[in-house]
Every structure is written in C-alpha cells, then in structure tokens.
Amino acid sequence: MEWKLDDNRPIWMQLQEQLTRKILSGWYRAGEKLPSVRELAAEAGVNPNTMQRALAALDSEGLTVTNRTTGRSVTEDEAILEGMRASLAEGIIKQFYDSAAELGYTREHALELLKRREK
Amino acid sequence: MDKMLIQCQDVWKRYGNKEALRGLNLQLEGGKIVGLLGPNGSGKTTLIKVLNGLLQPEQGLVLIDGETPGLYTKSLISYLPDKPYFSGWMKVNDLFELFEDFYADFDRAKAEQMCKVLQIDSNLRMKTLSKGTKEKVQLILVMSRKAKLYLLDEPIAGVDPAARDYILTTILNNYNPEGTVLISTHLISDIERVLDEVIFIQNGQVIRQELVDDIREKEGKSVDELFREVFRTIPYGGGAW
C-alpha cells in the first residue's frame, strides 16, 4: 500500500488516517507488531517526529498499544476495531449522501439509485 | 532557556554598506529538521556562516549548545557549504581519509556504503565527477558524521529529482535523533514533507518561525504556497497572474 500525502493538510493527520485504514483493512492484523517509528517514517518519506505524532494519535484512540519491551502493536480488542470500522463506514455513507445532495438528489432518491445499482 | 541548541540575539552582519543580517533573533531546540527559507539575498547563507563560525558578526550574541562559535562548536557542527571546496585532484577516497583525520565522529564505513548505493566509484578524482555527483559526495561526507547540528546550505539544488529523493531519505535516515538539521533551500515543495519546522527569513531578519503542520492546519495550504504568498513581488508592468 502506497502512502499518498498532500502538502496542504497536516501530514500527521494524513498518516494517522492511512495507518487507520491499513489496520482496518487487515494490512496490519490484530495483535501484529508495527514497524518502528523510524522504519515507518522512512517508508512514507516523512520526518520521524511527524510519524511519532500520528502513532501517538493511534495509541490514544486505542487502535494500537505500546508495550515497553515489545514496541507498538495493533490492538487485539475487536470491539475497538469494530467501532472504528463502523465510524469510518459512517463517514463514507455521509459523504455519499452529501455528494448526491449536491447533485440535487434527496436522501430517498439517492438510496433508491443505490438499490437499483445493486440489482 | 539553556536547552536551546541555537540562540541568536540581535545579530548584525554587514558587507561594506550592505546589511546582510539586521538584528536577527532566533531560538532553535535540538532533535528537529528545520527549513531555512527566504528569497535570494535574504541572509540565509550569511546566517549559516555565522552559526558555524566562518563569519564574525559585528554585533549580537550567537550561542551553539550554550557556547560561542569556536573549537567546541565546530566539533558539533557538520556543514555543507553552498559551493564545493575540495581540490579537483583529490579522489573520493582521499576525502574520506581527510574527514577521518579531522573529525572524530566521521563514520567511514557508512560513507563507503552510501557511495556504493549511489554507484560512485571512490577511486575517481573529484574533477572528473559531474556537478551533481560532486554534490552527492559532499553530502555523503557531511551526513556520515554523527553531529549534533547539521547545517546544509542548498543541499539539493544541483541534483536530479530521483537523487533528491535519495538525498532526503539519506538525511532522514542518517541524522542522529538528538541532532538538528537546518536546511536552506528554495526547493520548498521537494523538502517540506520532511520538515518539522520552518524559519522564514527576509532582509536579514526572521519574520516567521512555525511548525509546518501548524501552518497547514491554520492556513490550509502548503509551506510552498505560503512562501509564494509571503514573498510575492509584483511583476514588471504590474498586476497579478
């Protein structure tokens, strides 16, 4: 998975979003140990301090846990992963409705279109 | 404030009538990668030379790790000048030996490794190398020291974009974590991703010093865009574009 960074938004936030997606999509599995801050920073081509900030944000969300001896790994708490996944999906759905609304579709109509596509 | 790695207080430097630094104030802590940005003639190179002791300011206080520039501070600073200064007859290997003699913190194995990766033959004489390759050799030498402060004056100006990426990664991977890297450049969009902090300098004064992610958050734009906005000049004939 490639890192895609845009210079107009804080880099650490983008790193946090992309790491979150990597975890939720199973690129990094539950309980898996993450590479070190330096390794991840080198991979993304960013400053280690910036990567550290993104990882600290993941820690505070509970997506990752830091152990003093073994380093940082993905949480094994399925409830946290599931909750995160749900809130991400929520965002995608909201975005869908918002974009449809911009084109002049009501929520009902947008949903109708979505259902029709499924068939 | 004795934790500061660099402290400048009311620093003045003149070349004849031209005032290159005009009461410059700056405080910088350790462990960061910092961009020193400003238009041509704003005082970037002069500031770097004052920091490493090559130039003596007429007025003001300069402290590196709490000491005025001298023997001690030179042992802390690894400096990449804006122009290559090595004799053409020297081989890359000779330079390694020179650096080994002069700097206790020079890691020769690391320098040789980097040469290998960049496919630079260390038996070649400097005068036979292209401009970009010379710059790479210099950067290899400078980054192979385990310094507390790296002062890099235009480190990527003369090299191709692919080598630029390599050089930035080299800087990221090789600076020692307690060390600070100060990079002066115009090529902001190439380096802004690796920076913690930027210093904008204009007419010999620091006009802005900020964390890059704070700029992006507050202004909603890249450092490159902000720079163009701050230093915009009206084109001849007037009008914007």
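The structure is a predicted model, in which local features need pLDDT of at least 70 and side-chain atom pairs count only at pLDDT 80 or more, while totals for chains, interfaces and linings use all residues. Residues are numbered from 1 along each chain as its sequence is written, and chains are lettered from A and ligands numbered from 1 in the order in which they are written.

**Chain B as a whole**

- Chain B contains nine helices and nine strands; helices (H or I, at least four residues) and strands (E, at least two) are DSSP runs, numbered from the N terminus.
- The radius of gyration of chain B, 18 Å, agrees with the value near 18 Å for a compact globule of 241 residues; the radius is taken over C-alpha atoms, and the globule rule is 2.2 Å times the number of residues to the power 0.38.
- The C-alpha trace of chain B spans about 55 × 40 × 35 Å along its principal axes.
- Of the 241 residues in chain B, 39% are buried (20 or more other C-beta atoms within 10 Å of the residue's own; exposed means 12 or fewer, partly exposed in between; C-beta atoms are placed from the backbone).

**Contact between the chains**

- In chain A, 14 residues are in contact with 18 residues of chain B (C-beta atoms, placed from the backbone, within 7 Å).
- Helix H1 (11-24), helix H2 (37-44) and helix H3 (48-61) of chain A are the elements that each give two or more residues to this side of chain A.

**Two helices of chain B**

- The axes of helix H5 (residues 131-143) and helix H6 (residues 161-174) of chain B come within 11 Å and cross at roughly 5°; axes are lines fitted to C-alpha atoms, for helices over the stretch in contact, and angles run from 0 to 180 degrees between N-to-C directions.
- H5(B) and H6(B) are therefore roughly parallel to each other (angles under 35 degrees).
- Among the residues that make this contact are Leu139(B) of H5(B) and Ile167(B) of H6(B).

**A hairpin in chain B**

- Strand S8 (residues 197-202) and strand S9 (residues 205-211) of chain B run antiparallel and are joined by six bridges; two strands pair if DSSP finds at least two bridges between them.
- Two residues lie between S8(B) and S9(B) in the hairpin, and Asn203(B) in the turn has a positive phi of about 45°.
- Gln202(B) stands opposite Gln205(B) in S9(B).

**Gln113(B)**

- Gln113(B) lies in helix H4 (residues 108-117) of chain B, and Gln113(B) counts as partly exposed because it has 13 C-beta neighbours inside 10 Å.

Conventions:
Two residues are in contact if their C-beta atoms, placed from the backbone, lie within 7 Å. Angles under 35 degrees count as roughly parallel, over 145 as roughly antiparallel, 65 to 115 as roughly perpendicular and the rest as oblique.
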